[in-house]
Amino acid sequence: MSRKMKMRARQSGDVTELLVRIQHPMETGLRKDKVTKKTIPTHFIQNITVVHNGKKVVNCDTGIAISKNPVMGFGLKDAKTGDKVTVSWKDNKNESGSVTQPLKL
């Protein structure tokens with residue numbers, strides 16, 4: 001399933017702050033459906049990777065304690081306008097997504 005992702009960056013001193021929003025339901029497996037009263041199965045992002053100009057700079061494992069449609073922030077050193085950044089994710093149901101774009105600072 002294709003999920004929307006948005007990425008933007010802003011300069012803060014010598015660090016570029018990268019913000020990424022991922023459209024994802026992020027179910028913990030602890031909630032119950034209001035109608036059927038059955039537990040809603042887990043569905044959450046397990047891994048997020050950030051690649052800056054071909055070099056992996058972030059690889060983080062995540063869990064159920066992240067909100068629906070999360071916004072994740074990462075700091076990049078020595079980034080400049082035009083640098084290529086790719087952010088990708090994979091969840092516990094083998095869904096995945098990525099976005100690649102040049103930085104606009």
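Student: What should I know about the model before I start?

Tutor: It is predicted, so local features need pLDDT of at least 70 and side-chain atom pairs count only at pLDDT 80 or more, while totals for chains, interfaces and linings use all residues. Residues are numbered from 1 along each chain as its sequence is written, and side-chain values use heavy atoms, with hydrogens and water left out.

Student: How many helices and strands does the protein chain have?

Tutor: Both are DSSP runs, numbered from the N terminus: helices are H or I with at least four residues, strands are E with at least two. Here the protein chain has seven strands and zero helices, which gives the pattern β-β-β-β-β-β-β along the sequence. Its C-alpha atoms fill a box of roughly 50 × 25 × 20 Å along the principal axes.

Student: What share of the residues counts as buried?

Tutor: Buried means under 20% relative accessible area, exposed means over 50%, and partly exposed is in between, using a 1.4 Å probe and protein chains only. In this protein chain, 35% of the 105 residues count as buried. For the surface as a whole, the Shrake-Rupley method with a 1.4 Å probe is used. The protein chain exposes about 6700 Å², and carbon and sulfur atoms supply 50% of that area.

Student: And how should I read the contacts?

Tutor: A contact means heavy atoms within 4.5 Å. Take the contacts between residues at least 6 apart in sequence: 53% of them join residues at least 24 apart.

Student: Are Met 26 and Asn 69 buried or partly exposed?

Tutor: Met 26 counts as buried, at 6% relative accessibility. Asn 69 counts as partly exposed, at 22%.

Student: Let's turn to charge. How far apart are the mean positions of the positive and negative charges?

Tutor: Lys and Arg count as positive, Asp and Glu as negative, and His and the chain ends are not counted. Each charge is placed at NZ of Lys, CZ of Arg, CG of Asp or CD of Glu. With 20 positive and 9 negative charges in the protein chain, the mean positions are 6 Å apart.

Student: How many salt bridges does the search of the whole structure find?

Tutor: Side chains of opposite charge can pair when their charged atoms come close. The cut-off is a side-chain nitrogen of Lys or Arg within 4 Å of a carboxyl oxygen of Asp or Glu. The search finds five salt bridges. One of them joins Glu 95 and Arg 3, at 3.0 Å from N to O. Glu 95 lies in the loop between β6 (84-91) and β7 (96-102) and Arg 3 in the segment before β1 (5-12), so this pair ties together parts that are 92 residues apart in sequence. Glu 95 is buried at 16%, and Arg 3 counts as buried at 17%.
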